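The questions below take a few of them in turn.

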Amino acid sequence: MKGDVPVGGGAPVSVQSMTNTHTEDIDATTRQVNGLAELGCHVIRVAVPTVRAARAIRAIKTQIGIPLVADIHFSASLAVHAIKAGADCVRINPGNMRDWADVRKVVRAAKDAGISMRIGVNSGSIRRRKGLEVVSEKKAKSQDIVALMVETVLRYCERIERMGFDRMILSLKTSDALSTIACYRSIAKKCDYPLHLGVTAAGPAAESAVKSAIGIGALLADGIGDTIRVSATGPPEQEVIIGHQILKAVGLEEKGLEVFSCPTCGRCEIDLDGIVDEVRRKTSHIGKNLSVAIMGCVVNGPGEAAEADVGIAGGRGFAYLFRKGRKIRRIPESEIVPALLAEIEKL
Ligand code: SF4
């Protein structure tokens with residue numbers, strides 16, 4: 001459980017993102033969190049690199065409506081500050097803490113506050129860590145990355161369980177979709193902790209969307225994973241949008257209004273790009289499952305348009321309008337968007 005959003009135990013898969021503001025800037029961070037929540041972000045993570053950032057969590061929490069995860073590296077004291085300021089969960093990598101006494105301090109604070117901890121390990125840090133070794137250096141060098149990550153996380157869990165704490169959520173991210181899939185498939189067989197899925201450092205939105213759809217999507221399709229974060233360079237809003245697209249694609253969320261449009265080719269005689277863009281923008285609020293086909297010409301257009309709830313097939317400066325498989329009328333290009341929107345409203 002993180003704040004009001006249950007994670008694991010059969011709860012719906014939640015979508016997370018991470019702010020890219022300085023957490024110390026309370027107004028900017030709050031604004032971004034609330035904007036992301038409006039887009040469908042269920043849980044937000046913020047960076048906590050300083051004591052001021054940790055303390056800012058108290059004020060941020062009073063102005064947001066979704067659970068907040070404090071992202072901590074290296075410092076037990078920052079984690080304790082963040083927990084005392086009201087963080088709903090702390091994300092730590094025990095491997096970059098100084099010693100087990102430090103980990104124990106964080107565990108004790110999380111336990112006292114009744115919150116969960118995410119134990120997060122990334123492929124980038126796993127062979128370089130200088131702090132807590134749970135696998136011998138020789139073994140770490142010889143094991144493949146998947147086996148090393150899984151064994152390391154399980155050993156962390158055992159140590160933390162011996163401290164009397166089991167409210168853990170685990171993540172094992174690599175920047176490669178296939179090894180991410182292998183890590184989570186392996187750990188899912190070995191323990192029952194909720195899993196936070198993600199492909200780390202996945203690149204700009206387009207690359208990230210592909211890697212995340214493969215990495216996260218394949219795992220969700222296997223029934224693995226309780227919460228997800230798409231990692232994409234740029235505005236975090238795109239992470240939330242891609243995250244929900246993945247959930248829809250694997251059937252874990254209602255599809256809402258889906259636009260099917262052709263890629264266009266030399267036969268297209270209408271501004272299909274512009275029409276698709278306008279229809280998508282003006283229907284983004286519609287949650288009902290509806291299909292809208294926007295096709296460039298009469299070669300494949302009528303077939304696709306007739307299969308959708310509403311559709312058009314373009315001609316030279318005009319289009320045929322379809323509703324529920326029936327051709328209704330011919331409309332001039334300038335009326336395509338209003339006519340589609342009117343038909344969608346009727347449905
Ligand atoms: S529907 Fe027509 S315009 Fe669109 S890709 Fe097919 S042939 Fe080209």
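Helices (H or I, at least four residues) and strands (E, at least two) are DSSP runs, numbered from the N terminus. This is a predicted model, in which local features need pLDDT of at least 70, side-chain atom pairs count only at pLDDT 80 or more, and totals for chains, interfaces and linings use all residues. Residues are numbered from 1 along each chain as its sequence is written, and side-chain values use heavy atoms, with hydrogens and water left out.

Q: Where is G10 found?
A: G10 is in the segment before β1.

Q: What makes G10 exposed?
A: Buried means under 20% relative accessible area, exposed over 50%, and partly exposed in between (1.4 Å probe, protein chains only). G10 has a relative accessible area of 72%. Therefore G10 counts as exposed.

Q: How many helices and strands does the protein have?
A: There are 13 helices and 13 strands. The C-alpha atoms fill a box of roughly 75 × 45 × 30 Å, taken along the principal axes. Of the 347 residues, 53% count as buried.

Q: What are the domains of the protein?
A: Domain 1 covers 14-249 and domain 2 covers 257-346. These bounds come from an automatic or database domain assignment. The C-alpha centres of the two domains lie 41 Å apart.

Q: Why is the largest pocket said to lie between the domains?
A: Domain 1 and domain 2 both give residues to its lining, so the pocket lies between them.

Q: What makes a pocket a pocket, and not a cavity?
A: On a 1 Å grid over the protein atoms alone, a cavity is a set of points where a 1.4 Å probe fits but cannot get out. A pocket is an open set with protein on both sides within 12 Å along at least five of seven lines. Lining residues have an atom within 4 Å of a point. Grid points are joined across faces, edges and corners, and a volume is the space filled by probe spheres set on the points.

Q: What is the volume of the largest pocket, and which residues are closest to its centre?
A: The volume is about 810 Å³. Of the 24 lining residues, Q245, K248, L257, R280 and S284 are closest to the centre. Two or more lining residues come from each of α1 (26-39), α10 (237-249), β9 (257-261) and α11 (272-282). The largest share, 6 residues, comes from α10.

Q: How do the lining residues of the largest pocket divide?
A: Ala, Val, Leu, Ile, Met, Phe, Trp, Tyr, Cys and Pro count as nonpolar, Asp, Glu, Lys and Arg as charged, and the others, Gly among them, as polar. The lining has 7 nonpolar, 8 polar and 9 charged residues.

Q: Which residues of α1 are buried, and what do they pack against?
A: The buried residues are A28, T29, T30, Q32, V33 and L36. They pack against β1 (14-18), β2 (43-47), α2 (51-62) and α10. Contact means heavy atoms within 4.5 Å.

Q: Why is V90 called buried?
A: V90 has a relative accessible area of 0%, so V90 counts as buried. V90 lies in strand β4 (residues 89-92). Leaving out residues up to four places away in sequence, V90 touches several others, including V69, I83, V106 and M117.

Q: Why is A110 called buried?
A: A110 also has a relative accessible area of 0%, so A110 counts as buried. A110 lies in helix α4 (residues 100-113). Not counting residues up to four places away in sequence, A110 touches I83, I115, M117 and F165.

Q: What makes T264 partly exposed?
A: T264 has 34% relative accessibility, so T264 counts as partly exposed. T264 lies in the loop between β9 and α11.
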